[in-house]
Amino acid sequence: MEIYYILFYNQNMKDNNVTFTQMKETIKEFVKERDWNQFHSPKNLSMSISIEASELMEHFQWLTTLQSWEVGEDEEMMQEIRDELSDILCYCFNMANVLDIDISSAMETKIEKNKEKYPIDKAKGLATKYDKY
């Protein structure tokens, strides 16, 4: 566990050098230290994910599509967006821990399902739902 703490607290975590397993262990230890497992039922975690996603959406609520592409130019707003996205991901990793979900396998399975729903020859360049073509 110590390696995860070093990565987490020294802010050396970068996408290109941290695995999902390391992230899950970091979150697991963080929650355990605070005795929060008692509050982190699947129900509560799913609600927390939704709440945090809503907080992320607030940053874009009244922006035009073009303005939403320009948020990267505002460092203060970007930090708030990073914080909200991190909250969402922390809850997602924690839910994966609680329900013993292998994130990579789950994502691989979902991508395969989406490939069937959205074949390239029908979906490429379109924002149409799969049952509309």
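Biologist: Where do Glu-25 and Lys-28 lie, and how many residues apart are they?

Modeller: A helix here is a DSSP run of H or I with at least four residues (a strand is a run of E with at least two), numbered from the N terminus. In this case Glu-25 and Lys-28 both belong to helix H2, where they are three residues apart, about one turn of the helix. This is a predicted model, in which local features need pLDDT of at least 70 and side-chain atom pairs count only at pLDDT 80 or more, while totals for chains, interfaces and linings use all residues. Residues are numbered from 1 along each chain as its sequence is written, and side-chain values use heavy atoms, with hydrogens and water left out.

Biologist: In what do the side chains of Glu-25 and Lys-28 meet?

Modeller: Side chains of opposite charge can pair when their charged atoms come close. The pair is called a salt bridge if a side-chain nitrogen of Lys or Arg is within 4 Å of a carboxyl oxygen of Asp or Glu, and Glu-25 and Lys-28 form one with an N to O distance of 3.6 Å. By this rule the count comes to four salt bridges. Among them are Arg-34 with Glu-33, at 3.3 Å, and Lys-115 with Glu-112, at 3.4 Å. Lys-115 and Glu-112 are separated by about one helical turn, because they are three residues apart in helix H6.

Biologist: Which residues make the nonpolar surface patch?

Modeller: Patches are made of residues with over 30% relative accessible area and no salt bridge, where like charges are joined within 9 Å and nonpolar side chains (Val, Leu, Ile, Met, Phe, Trp, Tyr) within 5 Å. The accessible areas come from the Shrake-Rupley method with a 1.4 Å probe, and for residues only the protein chains shown count as cover. Here Phe-20, Met-107 and Ile-111 make a nonpolar patch of about 260 Å². Of these, Met-107 has its place in helix H6, residues 103–117, and is partly exposed at 41%.

Biologist: What span does H6 reach, and what is expected?

Modeller: The expected span of a helix is 1.5 Å times one less than its number of residues. With 15 residues, H6 reaches 21 Å from its first C-alpha to its last, close to the 21 Å expected.

Biologist: Which residue other than glycine has a positive phi near 55°?

Modeller: Most residues other than glycine have a negative phi, and most peptide bonds are trans. Asp-100, however, has a positive phi near 55°; Asp-100 lies in the loop between helix H5 (75–98) and H6, and is exposed at 69%. Asp-35 also has a positive phi, of about 55°, although it is not a glycine, and its loop runs between helix H2 (20–33) and helix H3 (42–58).

Notes:
Buried < 20%, exposed > 50% of the residue type's maximum accessible area, 1.4 Å probe, protein only.
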